[in-house]
Amino acid sequence: MSAKPREAVVILDFGSQYSQLIARRVRELEVYCELIPAQAPIEEIRRLNPLGYILSGGPASVYAPGAPHLPDFVLKSQKPVLGICYGMQLLAYHLGGQVDPGSEREYGPAEIELSDPDNPLFSTFNVQPATLQVWMSHGDRVTRLPDGFRTLAHSPNSPHAAVGDPERGLYGLQFHPEVTHTPQGKALLRAFLYEVCGCHGGWTPGNFIEESLGQIQAQVGAGKVVCGLSGGVDSSVTAALLHRAIGDQLTCIFVNNGLLRQNEPEQVVQTFQQQMHAHLVAVDATEDFLSALAGITDPEAKRKIIGEKFVRIFEAEARRLGQVDFLAQGTLYPDVIESAVPPPPSPPASGGGKGGGLAAKIKTHHNVGGLPEDMQFQLVEPLRYLFKDEVRAVGEALGLPRPMVWRHPFPGPGLAVRVLGEVTWERLETLRAADAILIEELRASGWYDRTAQAFAVLLPVQSVGVMGDFRTYADVIALRAVTTDDFMTADWARLPADLLARVSNRIVNEVPGVNRVVYDISSKPPATIEWE
């Protein structure tokens, strides 16, 4: 089964923290896209035969030494181009325009006035008066347009807030249409994709499944695959996709590493043996993992140890199965981006582009950066270039049970990165009990489905308390609950005070050794969702 040719748009990443949001918005408009580092070789672009290019923002100034520049092939292709923020300045600079520092920086909401509302980007907008609310984040600005360009919109601090050369299909926006703070930004991106690039859309979870089945079959051939199954949505969708593509060539290996949530090992085994009828090998390696983690407090060291231990166990189990060539994982796009590492040597099953690029490495994800260099398997990562909401949509399209598809994410290293400091069985049991109370109360109150991720964290400190007539010196539990669409950014959930009070009261009374509960009200950024 071969994948049908599909239209695509390339987003060149110049280091903006919003680059991933551009990709999300384009995918939401049912157009396939890939986010590719600006310095990537032209071969990465040619394989996609893109209908157009989007140039992301970035932290640099076009005149700064070492600033990333526009690859020659973009303009030589004569395909439509949309430059956003730095991408607009770069486009203007390379075509002979002028870019200078602004008289004052623009960060936050702004209002632009349309100078030419009949151009293809704005012609579908019915705006009276001709103004739009947008989100600005820039210091430099275009002060002289290249030949052939005209101003499409302006603001008090940006004389050229939107520019274009409709004859050549070249456009630039000083603001960010990809963020929700630009209310009509998605409509603007739609206009570029459909009216300027000539896209027809139709890239859906169903299309992704069809493409992936063929790509998995082509990559795997007659080989045998083991899938690291945790029971979370990512590994579950990966397993279901592979099972549909290669059937009995797949063996799912579930490793109980002792780092899972309460009753989770039993639930995973029951679900995949009875509901999916998958070939499942269950391994209890609790003692192995806890011994390897003894005395380890550094988060990166924990991730590396757990990643290598997983692979070694897979290798041992695979040898029992005979010849096994591939390891399948539920790695997602945010994992790749935040780890800022290149893709695996084997081609990604989803046909995705490069991750990382100019973005800084935030932390090593277990599925991405925690694998040993001498690993014996080739990787199969069909979800490597999907966002979490896209994975859930694929899971539903594959017919997986809704509770499994919409279960909150769980990190690859499990509770090891939620037990801050040294990981011991006693500390794990304390955290498991507290976490179970939080999830139970969230479900009972209807807040579980209103949060994207919620969990408890055991802090590496103890605090003074009073229980009865006695002074205590006991553990502190932090509660974390966030709302997010893409997990690239997140806000802390405004849980009701009475719900938090009930959870806190239950934890202090029901979990031995805990006398204090705190609630994390930090957003991402500057914090990450997980504490380690």
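In this predicted model, the number of disulfides comes to zero. Cys-197 takes part in no disulfide, and the nearest cysteine sulfur, which belongs to Cys-199, is 5.1 Å away. Cys-197 has a relative accessibility of 10% and therefore counts as buried. For Cys-252, the closest cysteine sulfur is that of Cys-227, at 4.9 Å. A disulfide requires sulfur atoms within 2.5 Å, so the distance of 4.9 Å between Cys-252 and Cys-227 is too far for a bond. Cys-252 is likewise assigned to the buried class, because its relative accessibility is 1%.

The residue Thr-251 belongs to strand 11, which covers residues 250-256. Thr-251 is buried, since its relative accessibility is 8% and the buried class lies under 20%. With residues up to four places away in sequence left out, the contacts of Thr-251 are Val-225, Val-226, Cys-227, His-279, Val-281 and Leu-321. Cys-227, one of these contacts, is also the residue whose sulfur lies closest to that of Cys-252 among the cysteine sulfurs.

The largest nonpolar core contains 116 residues. Within this core, the members that touch the most other members are Leu-442, Ile-477, Leu-479, Leu-495 and Ile-507. The greatest contribution comes from helix 7 (residues 233-246), which supplies eight residues. Another core, of 40 residues, lies apart from the largest one.

Rolling a probe the size of a water molecule over the atoms shows where empty space is left. The second largest pocket holds about 540 Å³ of space. It is lined by 21 residues, of which Arg-261, Glu-264, Gln-267, Arg-407 and Arg-443 are the closest to the pocket centre. Two or more lining residues come from each of helix 8 (264-275), helix 14 (402-405) and helix 15 (425-445). By residue class, the lining of this pocket comprises eight nonpolar, six polar and seven charged residues.

How values were computed. Residues are numbered from 1 along each chain as its sequence is written. This is a predicted model: local features need pLDDT of at least 70, side-chain atom pairs count only at pLDDT 80 or more; totals for chains, interfaces and linings use all residues. Side-chain values use heavy atoms; hydrogens and water are left out. On a 1 Å grid over the protein atoms alone, a cavity is a set of points where a 1.4 Å probe fits but cannot get out, and a pocket is an open set with protein on both sides within 12 Å along at least five of seven lines; lining residues have an atom within 4 Å of a point. Grid points are joined across faces, edges and corners, and a volume is the space filled by probe spheres set on the points. Helices (H or I, at least four residues) and strands (E, at least two) are DSSP runs, numbered from the N terminus. Ala, Val, Leu, Ile, Met, Phe, Trp, Tyr, Cys and Pro count as nonpolar, Asp, Glu, Lys and Arg as charged, and the others, Gly among them, as polar. A nonpolar core is a set of buried Ala, Val, Leu, Ile, Met, Phe, Trp, Tyr and Cys residues joined through side-chain atoms within 4.5 Å. Buried means under 20% relative accessible area, exposed over 50%, partly exposed in between (1.4 Å probe, protein chains only). Contact means heavy atoms within 4.5 Å.
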